[in-house]
Amino acid sequence: MKLIWKVALATGLALGATQASAQQAVKVGALYPFSGGLALLGDESFRGLEIAVEERNAAGGLNGKKIELVRGDAVDPNQAVGEARRLTSVEKVSAIFGTYSSSLAIAATQVAQLAGVPYFELGAISDPITERGLKYVFRTNPTSKDFANRMVDSVIEAVAPALNLDPKSLKIGIIHEDSLYGQTVSGFQQARAKEKGLNLVETLPYSAKSVDLTPVILRLKSAGVDVVLQTSYQNDTVLFFRQMKDQGFKPKAVIGAGGGYSTRDTAQAVGNENIEGALNVDFPQYRTNSQAAPGIDEFVKKYQSKYGIPPRSGHSLTNYMGANVFLDAMTASKDLKADSIRETLLKVDVPVGKTATGWGVKFDEKGQNTRVSPFLMQWQGGELVTVFPAEAAVAKLKTGVGSN
């Protein structure tokens, strides 16, 4: 009898300790594409969040409570909905961090809003994410309009001057994968090109799952396109550069909208000599003047120490910066209810140039950070280096693409 009582007592104490431990943890969701075609940048994005959470836990957690990351794998919008439901209703997370892909974020944010759970977007850029009246959705990164405007303006402010040409003399071709990401950026590009009086001669959508972009390339070549603006993921970026070489298409400049243009894996798959000179409007990458982005060098060291390789893309940095903004707000909030966190976030006021991405932070009523802007970068010598704006640049823009 004494033995049974001791076992029961020990079991009860262990259960009580487990329950107490659980009460001391704050669960947050990490909703990204960890598998499927978007997994590379999905995982790279998650790594920034993971480092931010580990730092926070090492410093005492969230007001003394450990932060527990609960992963959700969102391969497509349907799975994003299912995983968002699991995170909010089964895991009972206090917030969801994500998500990199706009189509996934659009789907998952609606679930979180209905559940009354804050959703913190750290990487998806389509404008509608923060334009649907969802009061618990906040985003720290730039929008597709920001990307589109920077791409078109780069033709005027950087490419044409480097070529010693009138920007209006250049024939512009827009190509884009046909999901929400590509459609949104392309729409804003067309409007900006018209506003600036540029000569837009082609706008060509295609599926990101395409195995042959030859028809697109031949259309661009036939139209005599000088500057290509591409919005793409990794696989279609690699395909475009390979087949551009096969078809002997040599535009004066190619400008990407982040995505596949931002990773070392793309450069390795294409060949550094073939992507040399390609431009990229994107989240801040690692060859950026640290005076304009304080903390960027320290993040690279932390990443290298944890994963044993250099960062694969600036997506990890962007997610790290955004995660810290939201973790600060959760810490400062009077409680972890969605309305309290929203109230705290609307008071955040960080000047430009005071974060590891170089951005500031000031949210509007829609939940969009208004102190963000993508940078213009270029592949030079196997590295993506910042060339614009001047305060963030570490190199001068070069002309030509690949073997031009």
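Predicted model: local features only at pLDDT ≥ 70, side-chain atom pairs only at ≥ 80, totals over all residues.
**Notebook: salt bridges**

I began in helix α2 (residues 39-58), where Asp43 and Arg47 are 4 residues apart and so separated by about one helical turn. Helices here are DSSP runs of H or I with at least four residues, strands are runs of E with at least two, and both are numbered from the N terminus.

Residues are numbered from 1 along each chain as its sequence is written, and side-chain values use heavy atoms, leaving out hydrogens and water.

I looked up the contact itself: the Asp43 and Arg47 side chains form a salt bridge at 3.2 Å, N to O. My rule for that is a side-chain nitrogen of Lys or Arg within 4 Å of a carboxyl oxygen of Asp or Glu. Both Asp43 and Arg47 are buried (under 20% relative accessible area; exposed is over 50%, partly exposed in between; 1.4 Å probe, protein chains only).

Next I checked Lys135, which pairs with Asp339 at 3.3 Å between the closest N and O atoms. Lys135 sits in the loop between β4 (119-121) and β5 (137-139) and Asp339 in helix α13 (residues 338-345), so this bridge ties together parts 204 residues apart in sequence. Lys135 is partly exposed at 37%, and Asp339 is partly exposed at 43%.

Then I went to Arg342, whose salt bridge with Glu365 has its closest N and O atoms 3.1 Å apart. Arg342 is buried at 11% relative accessibility, whereas Glu365 is exposed at 59%.

Last, I got the tally: 18 salt bridges by this rule.
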